[in-house]
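Subject: Structure handover, cores and salt bridges

Hello,

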Amino acid sequence: MGRKLALLVGINYPGTKAELKGCHNDVDRMHQCLVDRFGFDEDDITVLVDRDSSGPQPTGANIRHALAKLVGAARPGDFLFFHYSGHGTRLPAETGQDDDTGYDECIVPSDMNLITDQDFRDLVMKVPDGCIFTIVSDSCHSGGLLDKAKEQIGNSTRPNQTQSREPEEESESGSGFRSFLKATARDVFETHVHHGKSHYGGEDQDETEAESTGDGRTKNRSLPLSTLIDMLKEQTGKDDIEEGSIRLTLFNVFGEDASPKIKKFMKVMLGKFHEGGSGEQGGVMGMVGALAHEFLKAKLDGNEEEVFKPAIEQNVDSVDEVYAGTKSWAPNNGILISGCQTSQTSADATTAQGSSFGALSNAIQTILAGKHGKVTNKDLVMKARESLAKQGYKQQPGLYCSDENVHVAFIC
């Protein structure tokens, strides 16, 4: 019998404009469920929450380290489980190149050091054969979180207007692609649900509320780009962060601790910089790429090897790794259960009685509590969809895995 190893991450972002209410509760309930129902040993469950300042915080570096440790310890026959409850976001393209029309779906650690869909795919690739790694992400845009995994239940990979739209011709002012970025970013963060008064206020009003279920208050777990940028500004003290330079900022702030995909991105940008051109002729990356050019120019003061070492050390076989991701399927031993589709938001709910939870996490616990026998991944996702629809939620959980893992038992 294989071992059962788990990492649980719940982030409420207390005291920030991104604050949520139910993520700690989601983790507490899942922790108890792993022990009581699935027979996990307490010593084999790692928990990262931002409940207070004591203990390791759920920063990007700490989550990556814990995930690497989880996978690194795995042997054939083991069951690995990762539950994330917190914000999700989507980064639009930032290079302006024709082959970079995709998005990076990300989870949002407490320090904004994003972890991308490609990072999860690379992690799952390291899981040994004969070992199943189940990921539950109760976050917005989570349908694409395991990059290129086969979609068994859902519609995230079907072409839609936002994904298929091409950039318009650049105007004489060179603002065409920038307009395209803003338009697609706005499309991405439309919630497709009933809006109420925003918890954030201001320009994010229509991006932060989820539908009401009648028994309390809900908001969604999407972190709009404008809010992400504001929080990065607060952390860095820099006022020049905008769409087009988010990845550059993440590398500048987090360096070696940044997402591997962000570091690969910087390596490619550095190479393009040395090829010459500020972007007027396509050079570094056109209009948006001028931001990268200025950033690199400011950094290259004879200190290149030290500043860009984390990027230079990355192995980049093709630009696909840096832009929209590789074209092959994810490995067969990874299973993603998402809170919603790639273009949807997931709800963070507080009932009239004062209890808070993520809609997917709550549905999972309710389903498991009502059935003592085996619950397959497909059964769980279909029942969760049915339950959430009855409660008035628009979000549709998804299942992403190989064919052979559709009907295996959830977790173990």
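The largest nonpolar core has 62 residues, and those touching the most other members are Leu80, Phe82, Phe120, Phe133, Leu228 and Met266. A nonpolar core here is a set of buried Ala, Val, Leu, Ile, Met, Phe, Trp, Tyr and Cys residues joined through side-chain atoms within 4.5 Å. Buried means under 20% relative accessible area, exposed over 50%, and partly exposed in between (1.4 Å probe, protein chains only). Helix H8 (residues 260–275) gives the most to this core, with seven residues. Helices (H or I, at least four residues) and strands (E, at least two) are DSSP runs, numbered from the N terminus.

The model is predicted: local features need pLDDT of at least 70 and side-chain atom pairs count only at pLDDT 80 or more, while totals for chains, interfaces and linings use all residues. Residues are numbered from 1 along each chain as its sequence is written, and side-chain values use heavy atoms, with hydrogens and water left out.

Phe120 is in contact (heavy atoms within 4.5 Å) with Leu67, Phe82, Ile107, Ile115, Ile135, Leu145 and Leu146, leaving aside its neighbours within four places in sequence. Apart from the core of 62 residues lies another core, of 35 residues, which includes Val27, Ile335, Ala347 and Ala359.

On to the charged pairs. The whole structure holds 14 salt bridges, each being a side-chain nitrogen of Lys or Arg within 4 Å of a carboxyl oxygen of Asp or Glu.

One of them pairs Asp26 with Arg221 (3.1 Å, N to O). Asp26 is buried at 2% relative accessibility, and Arg221 is buried at 0%.

Another joins Glu105 and Arg90 (2.9 Å, N to O). Glu105 belongs to strand E5 (residues 104–107) and Arg90 to strand E4 (residues 88–91), so the parts tied together are 15 residues apart in sequence. Both Glu105 and Arg90 are buried. Elsewhere, salt bridges with shared partners link Asp26, Asp138, Arg221 and Asp348 into one network.

Glu19 and Lys21 also meet in a salt bridge (3.7 Å, N to O). Here Glu19 is partly exposed, with a relative accessible area of 26%, and Lys21 is partly exposed as well, at 44%.

Regards
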